[in-house]
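Here's a quick briefing to read with the model open in your viewer. Have a look around first, then come back for the rundown.

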Amino acid sequence: MGRRAKNKQDVPLPIELDKTHEGKVTKALHDKLKHEAIRSRKQKENAQRQKNSRTDKAANSNKEQGKRKNIAPVEDNSIVEKKSKKTKVVEVESDQMVLDAPDDGWDNAPLESDSENDDDDDDSIDEFDSAEEELPSNISDVSDAPTRNALDLLSDDSDDEDGIEGGIESYDEFDTDEDADEGVTFRDMEKRSKMLDSMREEDEEMAELERLEAGGAAEGERELFALPTLEQVEAEKEAPLDLQQVQLRIQETIRVLNNFAELRSPQSSRNDYMDQLKRDLCHYYGYNEFLMDKLLQLFTVGEAVEFFEANEVARPVTIRTNTLKTRRRDLAQALINRSVNLDPIGKWTKVGLTIFDSPVPVGATPEYMAGHYMIQAASSFLPVIALAPQENEKVLDMSAAPGGKTTYCSALMKNTGLVVANDANKDRERALVANIHRLGITNALVCNYDGREFPKVMGGFDRVLLDAPCSGTGVISKDASVKINKSQDDFSMLTNLQKELILSAIDSVNADSATGGYIVYSTCSVTVEEDEAVVDYALRKRPNIKLVSTGLDFGRPGFTGFRGRTFHSSLSLTRRFYPHTHNMDGFFVAKFKKMSNKIQTGENEFTVPTGSGVKLKQKKKKRGN
């Protein structure tokens, strides 16, 4: 193994071009100054250590020479050669030492003793070239005084040089990390550890200084950012900028808005910056201005960008194990045998699997055809988990197609009781019926009614699940058309429909149920108009219900107030899910408990919805009278 001289310096830094930065310090200049300071300090320490070592060596040499009567005092003609890993010092008399050194220096120079009879001691200095080679076994028995004197000098440098089996090792502070890792012993471990700690502290201090100064320099450079003029805005409409330029301007605008007091332009207001940010975001991500405005009201500008970025990436493919036919462990093993790369979705579900990669279509495996699993978004698990249907109950799924939530309810009920699967779209019910048959569901009844006709059609359910039609702002990654095809009219129509459906769902539940009396309302939307506003409306229109915990231990709490509007305080029990925080489709879940079948309309006036069992009993009682 090659060695490097102890006084060999590090590779010099590249010469920087002459740059004048008033008040600014570049990273390269910092690195150079740091390197020079550390090198200068270490050179001084090394020089002082070498000076002390030479003094000790001279004193020991004179002491040894005084004991040797038959040898004249040795003049100062020692040969000292130092390498980064091994140090060799040999001091002999000129008339007793033959030093036939080749042109390449110390490495191949032979060491000869003045002993006439000791022919076995002619060993090459190369024995020190590797830390893995061992010293000759008879080196301690050599009676040659000069040789013993040289070994004594080596041992006297124990403060700086450690002897190891196979050679003498010296630690050089200028060694690279790779060299320092070779031949570490217990004797120098503490010294090296302290040195590394010191260097790490220096690096951290220098890095912090660089970060602060670089940040200050960057702020100084960015303070010149100004909004485009009206003429430039009009020109960009005809010749749009490159997307990379738009992205940089979005970042600059967000930076100014986050520190508006210090970075704002005196000629521009906050509304000016927000208007420009909306235009850039619409151009970059492809949203219309109406939807962009709604989403920016919902999130901070930084989180809004994260939401937009998450919508550009498809959500992971997830499947739900059909526990009526198999177990998740067995299903996972069967798919792994088909080279499918998968993992459990999370601790919150015991039946979900995430598919990362599959050499075969997930919807065409024998396990899929046999009904062992259902391809279902992870967010669609949530309302069924919140509903928690029990065995032998009567459950209504008001918007059932394509059947993921309906079949999940049947699996939790173990094919007992009754699940009424209703959907207003007759075409979608084909997929619903196909999935019910494929998964082996035997307790489901499929019907095609407008959900607002319940409970007139059928009532008295123990639990009702309403996954209401919505704008789809939580599933933009699946349907990018949502970015441009939504308007205020669409939201007005949808919110009115959702309010009517939730009242029908509440009226369809029997509050006197021994095990139930629960309603779950969910949407795949993230807008407040379709979520908290609808729930608050139901609480005001039906005082016989209350919000309860969804049983979901993750997700963000719902809003209790939004842009000047105040909602019921219990809305904090609802849960929101976002693609950029939970890596699933945007979703909203609320769970109600119906306390009574009677609805108080006045001080002493109560009404019972049509279709309720309570009302039928009241009619029979009146007829009997």
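Where does cysteine 524 lie? You'll find Cys524 in the loop between β13 (518–523) and α17 (532–541). Keep in mind that this is a predicted model.

**Overall picture**
- The protein has 19 helices and 21 strands.
- Of its 625 residues, 44% are buried.
- Take the contacts with a separation of 6 or more: 68% of them are between residues 24 or more positions apart.

**Around Cys524**
- An unreviewed UniProt entry carries the annotation "active site" on Cys524.
- Leaving aside residues up to four places away in sequence, Cys524 touches a run of residues from Cys470 through Gly472, Thr473, Gly474 and Val475.
- Gly586 and Phe587 also touch Cys524.

**A four-stranded sheet**
- Four strands make up an open sheet, ordered β6-β7-β5-β8, with antiparallel pairing.
- β6 (341–344) and β8 (373–375) are the edge strands; each has a single partner strand, so one side of each is left without a neighbour in the sheet.
- From one strand to the next, the twist averages 30°.
- As a bit of background, strands of a sheet pair through backbone hydrogen bonds, either parallel or antiparallel.
- Here, β6 and β7 (residues 352–357) run antiparallel and are joined by four bridges.

Definitions and conventions. Residues numbered from 1 in each chain as written. Predicted model: local features only at pLDDT ≥ 70, side-chain atom pairs only at ≥ 80, totals over all residues. Heavy atoms only, no water. Helix = DSSP H or I, 4+ residues; strand = E, 2+ residues; numbered from the N terminus. Buried < 20%, exposed > 50% of the residue type's maximum accessible area, 1.4 Å probe, protein only. Contact = heavy atoms within 4.5 Å. UniProt positions renumbered as here; feature names shortened; annotations may be inferred. Pairing = 2+ DSSP bridges. Axes fitted to C-alpha atoms, helices over the stretch in contact; angles between N-to-C directions.
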